[in-house]
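Please look over the chain shown here, and then read the notes below, which go from the whole chain to single helices, loops and residues.

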Amino acid sequence: MSDILMKEMENISISPVKSEETPGGVQSFLLVDEQEHLQVRDEYEFVERLGCGDVAGVKVLSIFGNTGDGKSHTLNHILFGGEGVFYTSKSPNSCTVGVWAAYDPKLSLVALDTEGLLGAAANQNQRMRLLLKVLAVSDLVVYRTRAERLHNDMFQFLSSASGAYLKYFTPELRALSSRCGLDVPLSSLGPAVIIFQETSHTQLLGYDSKVSGYADTLLQKRFHDLGLGTEAFSSVQYAGTQTVTPPTDYSRLLDAVRQQVKNTHTRSPRQPGIVFHALEALSERFCGDLSDDKITLYSFFPDEYFTCSAICLSCNIRCKNGMNHLRDRVPHMADGLCQYAHQYNNKVLICKRCYEGGREVIVVPKTSASNDNPWFGLAKYAWSGYVLECASCGVIYRSRQFWMGNQDPESSVVRSEVKHVWEGSDTFLTNHQNAAQRVLDGMNAVIQSVSEYSTGPTKSVTAWLTDQVAPPYWRPNTEITACHGCQKVFDEAERKHHCRSCGEGFCHPCSSHRMPVPERGWGNAPVRVCKTCYRQGGPPDANNQVCKIEPRGLIARRVTEVAQSTLDMVSTAVDYPLCFVKDVARPDYWIPDQDVIQCHQCSKTFTSAMAKHHCRACGQGVCGPCSTHIRPVPSRGWDHPVRVCDGCHARTDSL
């Protein structure tokens, strides 16, 4: 600290950390601590502690500079007549920690005193970010420097502050202006900057010119020569004083401050509550710990101060969005290509037609299309394999569309792309293994639905599934107890056959004939018919209304017939231990049964008599009472309602 400043401060009493109230009734208070935490609860406390409750509009003045250059001392002299409103000290340590505030009723100014640059701070990164938040809510910024010549560090600091203001704070301040209904957006222009230089031996900037504003021009030229910009600031002004013997003459600085306070062309006074809300909004948006080892200090305000700290798990690239962007439902994003990692399965398929049209629509392998009936879709899966469905184009691919020569989807309808993987993201966990669990879900529902049948599991499953996708004119299996032709009562293990012409149930001998039944929608291929219809050449009521509404049901039944043998094999899964089947079919994101000790919702400990269920959305293990709801979970591949836990059911967004 220079001798001049020390002499000036000898007569100033050393006060406690919190300033005592001055004779004029003004006192400062801690507004933001060194951890960036606001120390006032709301705008009412903010206004009350400032003592400006009856003031319609105020402007904000903040002061910056290196530690030991007398920032607090300067504020006390230009605003409060030399009173010790802001704490000053002859101690070698910084006397201002955090941000302190006081109100000057003469100029209607809220003064903010900041912690000095280049000081020994425990949280250097957070201190720098806090300084920029203070600058962003200010109308007037004084950069106080006690140096014989203006150093490059000052120019770099101000230029970095300007760039960060435009890049990160402008959108947030614009949103706040909209919420508060301000006529002039807070973000239209940044604060005016006054560079206050005090020298002892060196002439002031522009001393040899009588042209008004010549010193300001020299400042701008210095910025330009260094390749630096100040686009965010409404103006950059120079005010200097040469102090050979104390005290310091602050008249030029005070005149410059008064001039900017009166200038309402770019920044008008605003309600004190708006100032608090602006600082509060920036504090909520840009907060959190900043690790020194993850930040490269290539500028005073590196991007890491204001951007999301999430790192791609696959390629270690940092998210480029602003801090806390997930609150606005904005996903993580990063520049550059990612690398594939098998443990994250981060390769996605994008609909080629949509991509060529300028949209990116990710498609996921599923057992059925979203508009398929659950059982119709199950039958299709058994026969024609998995489905790729685009939200815009519909079903674009089936893995077994033809008997032979099926093309790889990446060579025809989709393009693959490797995506970034973020902590807590489960975007890429939907895969073919979900299909196995969806088939198992279907089989469990079938078995439960036919539990009242006395037949064995395989025949019960087949009969029940047939009823679900059968044409409307077919008699349900549950109503067929005897052959419609010979009246023979069916045994439990005996298979029932339907005549494709009349829809009645027959035994095999009474329905062994085959003939085309195009009037029922079966095309020109020979299909099973009973003896009576075979002799008559078709159904007796071929011209009635029923025959004209069959096509959709017939398609479902035709698919089921072709897939029948496959479904019979699937249905025998009930003969295996349930735990074995579940382990084989369990999706990757499900918590294994052996790791599920208690319900994820109610925390009730599972016993041997309690069934463990899995939420199809989050994959957590839950008890029956906590998973009574069903919802579609398209992000996991379930387009139809499936079991979800109470927590996921309560979510308002799409699962």
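Of the contacts in the protein chain between residues with a separation of 6 or more, 62% are made by residues 24 or more positions apart, where contact means heavy atoms within 4.5 Å. This is a predicted model, in which local features need pLDDT of at least 70 and side-chain atom pairs count only at pLDDT 80 or more, while totals for chains, interfaces and linings use all residues. Residues are numbered from 1 along each chain as its sequence is written, and side-chain values use heavy atoms, with hydrogens and water left out.

**The chain as a whole**

- The protein chain holds 16 helices and 21 strands; helices (H or I, at least four residues) and strands (E, at least two) are DSSP runs, numbered from the N terminus.
- The chain has 655 residues, of which 47% count as buried; buried means under 20% relative accessible area, exposed means over 50%, and partly exposed lies in between, with a 1.4 Å probe and protein chains only.
- About 32,400 Å² of the protein chain is accessible surface, and carbon and sulfur atoms supply 51% of that area; accessible areas come from the Shrake-Rupley method with a 1.4 Å probe, and for residues only the protein chains shown count as cover.

**Three helices**

- Helix α6 (residues 214–225) has twelve residues, which at 1.5 Å a residue should span 16 Å, and this agrees with its end C-alpha atoms, which are 16 Å apart; the expected span is 1.5 Å times one less than the number of residues.
- In α6, the residues A215, L219 and F223 are buried. Seen down the axis of α6, its buried residues fall within an arc of 90°, so they line one face of the helix; the arc is that of the directions from the helix axis to the C-beta atoms.
- On the other side of α6, H224 and D225 are exposed, and the helix is followed by G227, whose phi is positive, near 70°.
- Helix α3 (residues 71–80) is largely enclosed by the rest of the structure, because nine of its ten residues are buried. Among these buried residues are K71, H73, L75 and F80, and just after α3 comes G81, with a positive phi of about 65°.
- Helix α8 has 14 residues, which should span 20 Å at 1.5 Å a residue, in agreement with the 20 Å between its end C-alpha atoms. Eleven of the 14 residues of α8 are buried, so that the helix is mostly covered, and the buried residues include P272, F276, L282 and R285.

**Buried side chains that reach a backbone oxygen**

- T114 is in strand β4 (residues 109–114) and is buried, with a relative accessible area of 0%. Its side chain reaches the backbone oxygen of I63 at 2.6 Å.
- S314 lies in the loop between α8 (272–285) and β8 (347–351), yet S314 is buried, with a relative accessible area of 8%. The side chain of S314 reaches the backbone oxygen of Q339 at 2.4 Å.
- Not counting residues up to four places away in sequence, S314 touches several residues, including C338, Y340, Y344 and V421.

**Cysteines and a histidine**

- A search of the whole structure finds zero disulfides, a disulfide being a pair of cysteine sulfur atoms within 2.5 Å. C502 is in no disulfide, and the nearest cysteine sulfur, that of C499, is 3.7 Å away.
- C507 is likewise in no disulfide, with the nearest cysteine sulfur, that of C510, 3.6 Å away; C507 is buried, with a relative accessible area of 4%.
- H508 sits in the loop between β15 (505–506) and β16 (513–516) and is partly exposed, with a relative accessible area of 46%.
- Leaving aside neighbours within four places in sequence, H508 is in contact with H497 and R528. The side chains of H508 and R528 make a polar contact (3.4 Å); a polar contact is a pair of N or O atoms within 3.5 Å, and within protein one must be able to donate a hydrogen and the other to accept it, while residues adjacent in sequence count only if both atoms are side-chain atoms.

**Backbone details in loops**

- A cis peptide bond, with omega about 0°, joins P246 and P247, and P247 is in the loop between β7 (233–242) and α7 (251–262).
- S108 is not a glycine, although it has a positive phi of about 55°; S108 lies in the loop between β3 (99–104) and β4.
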